[in-house]
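Please walk me through this model in the viewer, one selection at a time. I would like to know what to select and what is found there.

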Amino acid sequence: MNQFYAYMARLRLIRRWSLMRNTQSENDAEHSLQVAMIAHAIAWIGKIRYGKTVDPEHVMTLAVYHDASEVITGDLPTPVKYYRNDLKKAYHEVESLAVDRLCTMLPEDLREPMHACMTERDTEAWTIVKAADRISAYVKCLEEQRAGNHEFDAAAETILQSIRQYDAPEIRDFMEEMVPPFSWTLDALNQPEVSE
């Protein structure tokens with residue numbers, strides 16, 4: 001028996017934003033789906049508009065599994081994870097051990113390709129996934145702010161500044177063209193060419 005996908009199904013049990021009051025809870029499965037969709041769109045924008053060569057489907061696959069290790073480690077809050085460089089390094093080591101453990105839960109012939117999906121770093125595809133991860137977090141902040149929750153105000157500003165650090169026109173285009181409607185009401189979303 002191979003437990004890998006049963007573990008992956010538990011992403012829905014890993015709660016995000018645990019240190020903050022939420023009007024709507026979010027779990028890792030929901031977050032991973034949103035990151036995958038955003039990353040896929042960014043990759044396509046880059047390919048179609050800017051002649052980038054990154055494969056949108058590969059980017060989407062990396063995004064699906066970008067937080068897979070958290071089914072073992074849990075979601076460590078960002079202020080803790082990045083508090084000091086030694087903590088950040090130690091957490092990355094724990095994540096690496098979790099990925100290794102997860103891969104042992106697959107048939108032997110699938111371990112290497114899945115391990116690669118969960119550990120690819122320092123590539124253009126991974127940069128898109130990390131940007132999409134930040135955009136997803138920013139969208140969460142917008143949704144919480146729209147619900148009147150000021151707990152996310154500082155996070156929204158910090159995350160937006162981190163997104164602006166990416167020097168890629170496809171990320172800029174996604175932010176300008178796709179993100180504003182996340183703060184609209186359902187009625188506004190249903191109206192053609194309406195903006196708030």
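This is a predicted model: local features need pLDDT of at least 70, side-chain atom pairs count only at pLDDT 80 or more; totals for chains, interfaces and linings use all residues.

**Stop 1: the largest pocket**

Begin with Thr78, Lys81, Tyr82, Lys130 and Asp133. Of the 35 residues that line the largest pocket, these are the closest to its centre. The space inside amounts to about 970 Å³.

Next, colour the helices around this pocket. At least two lining residues come from each of α5 (78–81), α6 (85–103), α7 (108–119), α8 (124–146) and α9 (153–164). The helix that gives the most is α8, with five residues. Coloured by class, the lining of the largest pocket shows 17 nonpolar, eight polar and 10 charged residues.

**Stop 2: the second largest pocket**

Now select Thr23, Gln24, Ser25, Glu26, Glu30, Gln34, Ser136, Val139, Lys140, Glu143 and Glu144, which line the second largest pocket. Two or more of its lining residues come from each of α2 (28–50) and α8. The largest share, five residues, again belongs to α8. About 220 Å³ of space lies here. By class, this lining has one nonpolar, five polar and five charged residues.

**Stop 3: α6 against α7**

Show α6 and α7 as a pair. Their axes lie 9 Å apart, and the packing angle is about 155°. Angles over 145 degrees count as roughly antiparallel, and therefore α6 is roughly antiparallel to α7. The crossing of α6 past α7 is right-handed.

To see the contact, display the side chains of Val99, Asp100, Leu102 and Cys103 on α6, together with Arg111, Met114, His115, Met118 and Thr119 on α7. This contact of α6 with α7 consists of five nonpolar, two polar and two charged residues.

**Stop 4: α8 against α9**

How do the axes of α8 and α9 cross, and within what distance do they come? The crossing is at roughly 150°, and the axes come within 9 Å. At that angle α8 is roughly antiparallel to α9. The handedness here is left-handed as α8 passes α9.

For the contact, select Arg134, Ile135, Ala137, Tyr138, Cys141 and Gln145 in α8; they meet Asp153, Ala155, Ala156, Ile159, Leu160, Ser162 and Ile163 in α9. The contact of α8 with α9 has nine nonpolar, two polar and two charged residues.

Terms used. Residues are numbered from 1 along each chain as its sequence is written. Side-chain values use heavy atoms; hydrogens and water are left out. On a 1 Å grid over the protein atoms alone, a cavity is a set of points where a 1.4 Å probe fits but cannot get out, and a pocket is an open set with protein on both sides within 12 Å along at least five of seven lines; lining residues have an atom within 4 Å of a point. Grid points are joined across faces, edges and corners, and a volume is the space filled by probe spheres set on the points. Helices (H or I, at least four residues) and strands (E, at least two) are DSSP runs, numbered from the N terminus. Ala, Val, Leu, Ile, Met, Phe, Trp, Tyr, Cys and Pro count as nonpolar, Asp, Glu, Lys and Arg as charged, and the others, Gly among them, as polar. Axes are lines fitted to C-alpha atoms, for helices over the stretch in contact, and angles run from 0 to 180 degrees between N-to-C directions. Angles under 35 degrees count as roughly parallel, over 145 as roughly antiparallel, 65 to 115 as roughly perpendicular and the rest as oblique. A crossing is left-handed if the near helix is turned anticlockwise from the far one by less than a right angle, and right-handed if clockwise. Contact means heavy atoms within 4.5 Å.
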